[in-house]
Amino acid sequence: MTMATAPAVMRSEWTKVRSVRSTGWTLGLAVVITVGLGLLISWLSARNFHSMSPGDQVTFDPTYVSFAGMGLGQLLMIVFGVLVVSNEYSTGMIRTSLAAVPQRGMFLFAKIAVATALVFVVGMVTSFVTFFVGQAALGDHGADLGDPGVLRAVFGGALYLTLIAMFAMGCAAMLRGPLLSLAILMPFFFLISNILNNVSATQKVARYLPDQAGQRIMMVIGDGGGRPYGPWTGLAIMAAWVAAALLGGYVMVKRRDA
């Protein structure tokens, strides 16, 4: 396959993404849940602000509070990433796709590139809407987009959701089956990562997990929960995890039979 045919492969992958109803619903739910939960937590935080201790008031991060729904939103981005890659394996259509595009590297690149572009757009809309809705609910306790570090955090929220989806795509390419991929990824991000981060014996290690490191980009006030790195370094750590997952997925797609 020549490079001239790459746009055709990407158009084909875009058609696949649009034709699978579950992927659209998944992205839509990610937006609704992230924005809705962020609004609820921001409203509750505003009501309870005066009952906080002076120390908590000083370290109150209105930007990060508005992103409280990211925890559930990221799980839906993981589902999207898994479905995009593994749907064809579960239906058996992968054989037809690889017969049409025998260059497996090109096939996987096109699939991930199209899905990543879509997630980035959705993530950007989600992040900015979540921020503005959350700050409106916080009222006088909110932050402005022009405040130091806020624009970086909001833009970083979109990057975080995008990288989470890409990580899921890489893992799904390695594991192939949607059930196996979700059975590993969902408990890891929803339970195991948080548990490890809250246990003193494992906290130092947990800070370098992809989600824990990536979340640093959305924090404006404080030391990032004691993380020994800054926002962009945290995102770089997460990006390294994503690169490793994608490389692993590429190797497995190249070596294994459909």
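## Starting at Phe60

Leaving aside its neighbours within four places in sequence, Phe60 is in contact with Ser45, Phe49, Met52, Val65, Leu138, His141 and Ile221, where contact means heavy atoms within 4.5 Å. This is a predicted model, so local features need pLDDT of at least 70 and side-chain atom pairs count only at pLDDT 80 or more, while totals for chains, interfaces and linings use all residues. Residues are numbered from 1 along each chain as its sequence is written, and side-chain values use heavy atoms, with hydrogens and water left out.

Where does Phe60 sit? Its place is the loop between H3 and H4. Phe60 counts as buried because its relative accessibility is 10%; buried means under 20% relative accessible area, exposed means over 50%, and partly exposed is in between, with a 1.4 Å probe and protein chains only. The C-alpha atoms of Phe60 and Gly222 are separated by 8.3 Å, although these residues are 162 apart along the chain.

Thr59 lies in that loop too, between helix H3 (54-58) and helix H4 (62-66). With 46% relative accessibility, Thr59 counts as partly exposed, whereas Phe60 counts as buried. From the C-alpha of Thr59 to that of Ser45 there are 13 Å, and the two are 14 residues apart along the chain.

## The whole chain

Now let's step back. Helices (H or I, at least four residues) and strands (E, at least two) are DSSP runs, numbered from the N terminus.

How does the radius of gyration of the chain fit a compact globule? A compact globule of 258 residues would have a radius near 18 Å, and the chain has 19 Å, which agrees. That radius is taken over C-alpha atoms, and the globule rule is 2.2 Å times the number of residues to the power 0.38. The C-alpha trace spans about 65 × 40 × 30 Å along its principal axes.

Of the 258 residues, 47% count as buried. Take the contacts between residues at least 6 apart in sequence: 75% of them join residues at least 24 apart.

Gly249 is in helix H12 (residues 231-255), and it counts as buried at 0% relative accessibility. Which residues does Gly249 touch, not counting those up to four places away in sequence? They are Leu108, Gly170, Ala173 and Met174. Gly170 is 79 residues from Gly249 in sequence, yet their C-alpha atoms are 4.9 Å apart in space.

Thr126 belongs to helix H7 (residues 104-138). It is buried, with a relative accessible area of 2%. Apart from neighbours within four places in sequence, Thr126 is in contact with Val31, Thr34, Val35 and Leu161.

## Aromatic rings

The whole structure holds 7 aromatic pairs. In one of them, the rings of Phe188 and Phe189 have centres 5.0 Å apart and planes at 85 degrees, so the pair is edge-to-face. Rings of Phe, Tyr and Trp (its six-membered ring) pair if their centres lie within 6.5 Å; planes under 30 degrees apart count as stacked, over 60 as edge-to-face and the rest as tilted.

Phe188 counts as partly exposed at 22% relative accessibility, but Phe189 is buried at 2%. Elsewhere, ring pairs link Phe128, Phe131 and Phe132 into a cluster.

## A positive phi

Arg176 has a phi near 70 degrees, a positive value in a residue other than glycine. Arg176 lies in the loop between helix H8 (150-175) and helix H9 (178-198), and it is partly exposed, with a relative accessible area of 21%.
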